[in-house]
Amino acid sequence: MNRQQLIQQIREKQSFLCVGLDTDLKKIPQQLLKEDDPIFTFNKAIIDATAPYCVSYKPNLAFYEAFGVKGLISFEKTIKYLKENYPHHFIIADAKRGDIGNTSKMYAKTFFEEYDVDALTVAPYMGEDSVTPFLGYEDKWVILLALTSNKGSQDFQLTEDKNGERLFEKVLKQSQQWGTEENMMYVVGATQGRMFEDIRRVAPRHFLLVPGVGAQGGSLEEVCKYGMISGEIGLLVNSSRGIIYASQGEDFAEVAGQKAQELQQQMAKIMLNA
């Protein structure tokens with residue numbers, strides 16, 4: 001999916017919501033454990049309930065790889081189900097890959113050829129040759145970690161060099177020599193608040209993938225105030241736990257759909273007033 005197609009989906013749905021599929025067998029309704037593939041059964045129900053209100057899905061690979069081959073089969077079935085039934089949704093594999101060039105080429109082949117997802121999260125800290133192998137695929141996206149919302153982000157990302165430039169700013173500037181706003185996004189945690197102003201000074205037109213709204217306490221209004229691009233939005237705001245685990249009962253999918261709709265309605269209002 002290219003940039004213009006993504007923007008078109010956002011405008012048509014009046015939504016820039018991404019639903020995170022962080023499917024934990026300890027947290028899904030326990031009656032689903034009787035199913036042959038409880039992870040896929042849960043994902044399918046969540047997808048069907050939330051698809052009208054979001055433009056993107058983001059399965060987190062850790063929750064699938066933890067179950068070995070069975071988990072990867074669940075992941076592959078989830079991707080196939082999305083492509084067959086919701087082909088206009090933007091699929092992000094949240095895998096945070098990043099290694100030397102030859103290894104990155106194989107990761108790129110895995111996710112962009114074998115699984116055929118739209119985007120992959122990548123750690124940039126091994127430099128250009130670890131990132132560029134992901135950038136050679138038409139209409140595929142690299143989503144670089146820039147400024148995350150976890151407590152430890154301050155350990156490295158906010159450190160300054162002798163000129164006062166912070167490491168995340170250096171990542172933003174340097175990486176724009178490798179890719180463009182047509183094939184590169186950045187992860188910026190929703191809890192960073194006004195730091196979005198600093199992000200936009202360096203990367204004014206790149207899409208931002210924003211986790212942390214909902215269960216992690218990030219403010220949608222604040223993210224949009226400081227991070228939105230006029231006319232193009234430029235945001236994919238992710239919510240995982242706040243949607244998919246909103247109910248542990250038999251109505252889990254229905255309640256997830258309601259939570260997704262609530263966020264979509266907030267987004268539509270923000271877009272109307274932007």
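**Helix packing and local backbone features**

The axes of helix 2 (residues 38–50) and helix 4 (residues 68–85) cross at roughly 25° and come within 9 Å of each other. Helix 2 is therefore roughly parallel to helix 4, since angles under 35 degrees fall in that class. The structure discussed here is a predicted model. Helix 2 passes helix 4 in a right-handed crossing. On the side of helix 2, the contact involves Ile39, Phe40, Asn43, Lys44, Ile47 and Asp48, which meet Ser74, Lys77, Thr78, Tyr81 and Leu82 of helix 4. By residue class, this contact of helix 2 with helix 4 comprises 5 nonpolar, 3 polar and 3 charged residues.

Helix 9 takes part in two further helix pairs, one with helix 8 and one with helix 10. Helix 8 and helix 9 pack with their axes 9 Å apart, at an angle of about 30°. This angle is under 35 degrees, and helix 8 and helix 9 are therefore roughly parallel to each other. Their crossing is right-handed. Phe168, Glu169, Leu172 and Lys173 of helix 8 form the contact together with Met195, Asp198, Ile199 and Val202 of helix 9. The residues of this contact divide into 5 nonpolar and 3 charged, with no polar member.

For helix 9 (residues 195–202) and helix 10 (residues 220–227), the axes lie 8 Å apart and the packing angle is about 30°. Helix 9 and helix 10 are therefore roughly parallel to each other, and the crossing of this pair is right-handed. Helix 9 contributes Phe196, Glu197 and Arg200 to the contact, while helix 10 contributes Val223, Tyr226 and Gly227. The contact of helix 9 with helix 10 consists of 3 nonpolar, 1 polar and 2 charged residues.

Two residues other than glycine were found with positive phi values, namely Lys96 and Asp116. Lys96, located in strand 3 (residues 90–97), has a phi of about 50°. With a relative accessible area of 42%, Lys96 is partly exposed. Asp116 is placed in the loop between helix 5 (101–114) and strand 4 (119–122), and its phi is near 60°. Asp116 is likewise partly exposed, with a relative accessible area of 32%.

When residues up to four places away in sequence are not counted, Lys58 touches Cys18, Val19, Gly20, Leu21, Asp22, Ile92, Asp94, Leu209 and Asn238. Two aspartates, Asp22 and Asp94, are among these neighbours.

Thr180 occupies the loop between helix 8 (167–175) and strand 6 (184–188). Its relative accessibility of 41% places Thr180 in the partly exposed class. Within this region, a polar atom of the Thr180 side chain lies 3.0 Å from the backbone nitrogen of Glu182. Thr180 and Leu135 are separated by 45 residues in sequence, and their C-alpha atoms are 9.5 Å apart in space.

Methods. Residues numbered from 1 in each chain as written. Predicted model: local features only at pLDDT ≥ 70, side-chain atom pairs only at ≥ 80, totals over all residues. Heavy atoms only, no water. Axes fitted to C-alpha atoms, helices over the stretch in contact; angles between N-to-C directions. Helix = DSSP H or I, 4+ residues; strand = E, 2+ residues; numbered from the N terminus. Parallel < 35°, antiparallel > 145°, perpendicular 65-115°, else oblique. Left-handed = near helix turned anticlockwise from the far one by under 90°. Contact = heavy atoms within 4.5 Å. Nonpolar A, V, L, I, M, F, W, Y, C, P; charged D, E, K, R; others polar. Buried < 20%, exposed > 50% of the residue type's maximum accessible area, 1.4 Å probe, protein only. Polar contact = N/O pair within 3.5 Å; in protein donor to acceptor, adjacent residues only side chain to side chain.
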